[in-house]
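Open the model in your viewer and keep the selection tool at hand. The stops below tell you what to select and what is there.

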Amino acid sequence: MLTELEEKLDGLEWEEARAAAAEYIGLPGPLPAPALRRAMVEDRYCLVLLAFRGNLPRLQELVNHPDNRAYELPEDLTPTAATANRSTPGLVIEAGKALNRWATAGFRTVDPETYERRTAACAGCPELTEPPVKWVYKVIMATASDDRVCGACGCVASRKARLVTERCPRRDPSRPELSRWGDPFAA
Ligand code: SF4
């Protein structure tokens, strides 16, 4: 997400962020949730939204674009109240990058065995911490049942472990050539 918009949304709850983003670009009503998620992880899309500030017909095309369906979540149909919290731009960016890598790879997920191996490693890892309750996690990692966060990268570990594009960022102390997930370590 571009800094210009990110600064407008920092510290807002999710619903507030949707309203603020819509107001900023000149769209009546809250920005559709999939459009805001896409703007968070695709700078080009965010840039186009900002470029058409105040151009209602063009904005309506953009926020209802079929490509935005890739960013829909089940909770869009049954919204729940978001928790009021501040967000940290760095965490937004890191979680957004992970989602973007995954989208680029066609939303592929790992096989169950790999997922089990990864989550078992995370469960025993000192980097695993309780999440800072920030709206970015509600947005990007909304489907995670275990929302503890990898302190090394800022992503929800159980979510990150599903994505075929992700790597563990820490070496296994007993096998330094491997990551804690057991893959060849890549710096
Ligand atoms: S991804 Fe790696 S560093 Fe992060 S919590 Fe899991 S095992 Fe630990």
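The tour goes from the ligand to the cysteines and then to the rings.

This is a predicted model, in which local features need pLDDT of at least 70 and side-chain atom pairs count only at pLDDT 80 or more, while totals for chains, interfaces and linings use all residues. Residues are numbered from 1 along each chain as its sequence is written, and side-chain values use heavy atoms, with hydrogens and water left out.

Select the ligand. Around it, with a heavy atom within 4 Å, are Cys122, Cys125, Glu127, Cys150, Lys160, Cys168, Pro169, Arg170, Arg180 and Trp181. This shell has 6 nonpolar residues, 4 charged ones and no polar ones (nonpolar: Ala, Val, Leu, Ile, Met, Phe, Trp, Tyr, Cys and Pro; charged: Asp, Glu, Lys and Arg; polar: the others, Gly among them).

Next, select Cys122. It counts as buried because its relative accessibility is 14%; buried means under 20% relative accessible area, with a 1.4 Å probe and protein chains only. Cys153 is in no disulfide, and its nearest cysteine sulfur, that of Cys150, is 3.6 Å away. A disulfide is a pair of cysteine sulfur atoms within 2.5 Å, and the count by this rule is 0. Cys153 is also buried, at 17% relative accessibility.

Now select Tyr115 and Arg162. The charged end of Arg162 sits over the Tyr115 ring, 4.0 Å from the centre (the rule: NZ of Lys or CZ of Arg within 6 Å of the ring centre and within 35 degrees of the ring normal). Last, select Phe52: Arg58 lies over its face, 4.9 Å from the ring centre.

Conventions:
Buried < 20%, exposed > 50% of the residue type's maximum accessible area, 1.4 Å probe, protein only.
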